[in-house]
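Subject: The structure, and what turned up in it

Hi there,

Here is the structure I promised to pass on. Have a look first, and then read on for what was found.

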Amino acid sequence: MTSAAGLGEALRGRGYLRTRWPWLAAGYLLAGLLVTVPVAAALALLGLPWWIALARLPGSGPDAASLVLAVLGVVTTVVGVPTLGVLAAHAERLRARLVDPTPIRPPQVRGARAAYTSTAALRAVAHLLVVLLVGSAVRAGLFVLALAVGVAAAAPLVVLDGSGPIALGPWQVDDLRHAVLLPPVGAAVAVATAYLAGWAALGELRTARTLLGPTPEEVADDLTAVAASRERLVDAFDAERRRIERDLHDGAQQRLLTLTMRLGLARAVIGPDAAGHGDLVDAHEMAKDLMQELRDFVHNIHPQVLTERGLPAALQQLAESAVVPVVLRVALDRRPRPHVESAVYFAVAEACHNAVRHGRATRIEVDVSVAAADLVVVVGDDGRGGADPGGGSGITGIADRLAGVGGTLSVSSPVGGPTVLHMRAPYA
């Protein structure tokens, strides 16, 4: 894992010090100096007219030169600070790649002027101030801790060499008996420093993603576009599935029906003693079996009753054809959208199939209702439980099917049962 999530998980785990994350975090913080030092120098140059103007005031008071310098300071600050913020933002996005390979997508800025006057520019300036003030203070504190670790580690050697007492903050050590106690203390401080550096790096990275990434409005627009695109794909898939069903029903199924009827007529005309009568009987039976298989296949693509009469009737038919008793309770005041209706039907069908095949259930209950503009479906069984949503089972397919229409799935399946699937899909 080489991402912000990976750094956070490593910090919360027990093996953080045995990973490369402490070194990556330290490198990330040190690389920040490549941004803060040039930016601080540039800010000092931008503020130079102000300092000269202020230096002239005590001696000569306000004059034309001081006024010109003050105006020049205003101009350089107004133009230069947003420019520095934008340039530093580009550098920070590159620095973030040291600990997170996922790039920080810059906000959408239209026009050269907007690059310095938009909300994105203000956020870049805010990030610049955070890095300069808070980031510099954090780096200074970590540097002091690292220096203390070095002094503590070298204390016995320095005292043994007779170079003088060791000063560690307010404490002084001038004999070997006390100096040998400092390396263990330094080791503890080193561990704390490694964790502090990790949390500091994680904080800087998350701050950069928040202030230098897309604005909340852009994220909302992206989510809306993704949802609309997903709905178009689902509608197109549903329309294609209906076309296949119609073609099979009106084409192959009708031709197979005609073939079956002709074989039946031939079987009735040709006597049992005629040559080839046995082969004709076998062909007729095979055609009838194939006809039934094709009917089942077309039904599984999209049940006709679901199209004509809606979800309650389709679920009722599903319950009546189940191999175990299914108690069905449906309370809907109108039909959901077609693709939602289809997704929910097949999700319930898959849940019932899994309950019988994998859970060894002998009874299934299906409740369909509406809550908070959502279609809520609860499928419970008395099986042996132990269903694992992450195990690549049919539950994953149910979750994917519901996610395709903007729905969700939660599973409760302790070992020994019962198993309860709680599904939600858009209804309004």
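One cut-off before anything else: a residue counts as buried when its relative accessible area is under 20%, as exposed when it is over 50%, and as partly exposed in between. Please also keep in mind that this is a predicted model.

R95 sits in helix α5, and its relative accessibility is 5%, so it counts as buried. Setting aside neighbours within four places in sequence, R95 touches Y28, L29, A31, G32, R139 and E204.

**The salt bridges**

Side chains of opposite charge can pair when their charged atoms come close. How many salt bridges does the count come to? The count comes to nine, and three of them are described here.

One joins E204 to R95, with 2.7 Å between the closest N and O atoms. Because E204 belongs to helix α9 (residues 182-212) and R95 to helix α5, this pair ties together parts that lie 109 residues apart in sequence. Both E204 and R95 are buried.

Another is formed by D100 and R209, where the closest N and O atoms are 3.0 Å apart. D100 is in the loop between α5 and α6 (114-117) and R209 is in helix α9, so to speak a link between distant parts of the chain, 109 residues apart.

The next one pairs D374 with R424, and here the closest N and O atoms are 3.3 Å apart. D374 lies in strand β5 (residues 374-381) and R424 in strand β7 (residues 419-426), so the pair ties together parts 50 residues apart in sequence. D374 is partly exposed, with a relative accessible area of 24%, and R424 is partly exposed as well, at 26%.

**Helix α3**

Helix α3 (residues 33-46) has 14 residues. From its first C-alpha to its last it reaches 19 Å, close to the 20 Å expected at 1.5 Å a residue. V35, T36, V39 and L46 are buried in α3. Those residues lie on the same side of α3, because they cover an arc of only 90° around the axis. L34, V37 and L45, on the other side of α3, are exposed.

**A nonpolar patch**

Which residues make the nonpolar surface patch of about 420 Å²? V71, V74, V75, V78 and V79 make it. V75 has its place in helix α5 (residues 64-96), and it is partly exposed, with a relative accessible area of 44%.

**Two more places to look at**

Is A355 buried or exposed? A355 is buried, with a relative accessible area of 4%. It is found in helix α14 (residues 338-357). Leaving aside neighbours within four places in sequence, A355 is in contact with R360, A361, I364 and D381. The C-alpha atoms of A355 and G380 are separated by 8.6 Å, and these two residues are 25 residues apart along the chain.

G141 has its place in helix α7 (residues 119-161). Its relative accessibility is 31%, so G141 counts as partly exposed. Between the C-alpha atoms of G141 and T193 there are 9.5 Å, with 52 residues separating the two along the chain.

**The chain as a whole**

The protein chain has 15 helices and seven strands. Of its 428 residues, 35% count as buried. Its accessible surface comes to about 24200 Å², and 66% of that belongs to carbon and sulfur atoms. Among contacts with a separation of 6 or more, 69% are between residues 24 or more positions apart.

Best wishes

Methods
Residues numbered from 1 in each chain as written. Predicted model: local features only at pLDDT ≥ 70, side-chain atom pairs only at ≥ 80, totals over all residues. Heavy atoms only, no water. Helix = DSSP H or I, 4+ residues; strand = E, 2+ residues; numbered from the N terminus. Buried < 20%, exposed > 50% of the residue type's maximum accessible area, 1.4 Å probe, protein only. Expected span 1.5 Å × (residues − 1). Arc of directions from axis to C-beta. Patch = residues over 30% accessible without salt bridge, like charges linked within 9 Å, V, L, I, M, F, W, Y side chains within 5 Å. Areas by Shrake-Rupley, 256 points an atom, 1.4 Å probe, with all protein chains shown as cover. Salt bridge = Lys/Arg side-chain N within 4 Å of Asp/Glu carboxyl O. Contact = heavy atoms within 4.5 Å.
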